[in-house]
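The entries follow the model shown here.

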Amino acid sequence: MKKEATRLIRPILFAAAGALVGYLYYRFIGCASGTCAITSKPLNSMVYFGFMGLLLSGVFCPSCRGGSCDITKNDTNKENKSMSKKLYVVKARCPQNHPCPSIRVCPTGALSQVGYSAPIVDYDKCIACGKCSRFCPMGALELREEE
């Protein structure tokens, strides 16, 4: 019960903020002629912007299931750990002359770097989500089936 209530807080707050923005839009910008479908009445504007806030909250995102996308949650860890994918560093593609940009996108802190060397993967922390491999501009990080 408590978990369900906390899961609904974010969509409700985003929808309320959207409705407030909708009212402020109607009040300060509005529609002078009265022919605008969305901004001609405050209710229309509030419903439209409230729905936009609801969309921004991620309530319809299947991976979020109405809450915030947090790849480090335990249930997501279990799903990703059971997959047989592993992160590999292709040192031939890594220029090794700058701080690795993919380190900062890793949600679990599994990537590290010493100086400007190729990144090092801590497989105990890596959940094989693939964020770093998608972010790597040189394609030096690959998520592939375990060998």
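**Entry 1: salt bridges.** With which residue does Glu142 form a salt bridge, and how far apart are the closest N and O atoms? I found that Glu142 pairs with Arg144, the closest N and O atoms being 3.0 Å apart. I counted a salt bridge where a side-chain nitrogen of Lys or Arg lies within 4 Å of a carboxyl oxygen of Asp or Glu. Side chains of opposite charge can pair when their charged atoms come close.

I note for the record that this is a predicted model, in which local features need pLDDT of at least 70 and side-chain atom pairs count only at pLDDT 80 or more, while totals for chains, interfaces and linings use all residues. Residues are numbered from 1 along each chain as its sequence is written, and side-chain values use heavy atoms, with hydrogens and water left out.

The structure holds 2 salt bridges. Besides the pair above, I listed Arg93 with Glu142, whose closest N and O atoms are 2.6 Å apart. Arg93 sits in the loop between β1 (85-89) and β2 (111-112), and Glu142 in strand β4 (residues 141-145), so this pair ties together parts 49 residues apart in sequence. I took helices (H or I, at least four residues) and strands (E, at least two) as DSSP runs, numbered from the N terminus.

I then looked up accessibility: buried means under 20% relative accessible area, exposed over 50%, and partly exposed in between (1.4 Å probe, protein chains only). Arg93 is partly exposed at 40%, and Arg144 is partly exposed at 31%. Through shared partners, salt bridges join Arg93, Glu142 and Arg144 into one network.

**Entry 2: nonpolar patch.** I recorded a nonpolar surface patch of about 690 Å², made by Leu20, Tyr23, Leu24, Tyr25, Phe28, Ile29 and Met46. Patch residues have over 30% relative accessible area and no salt bridge; nonpolar side chains (Val, Leu, Ile, Met, Phe, Trp, Tyr) are joined within 5 Å, like charges within 9 Å. Areas come from the Shrake-Rupley method with a 1.4 Å probe; for residues, only the protein chains shown count as cover. Helix α1 (residues 2-28) gives the most to this patch, with 5 residues. Tyr25 is found in helix α1 and is partly exposed at 32%.

**Entry 3: positive phi.** Most residues other than glycine have a negative phi. I noted Gln96, with phi near 55°, in the loop between β1 and β2; Gln96 is partly exposed at 33%. Ala128 has a positive phi of about 55° and lies in the loop between β3 (120-121) and α4 (131-135). Ala128 is buried, with a relative accessible area of 10%.
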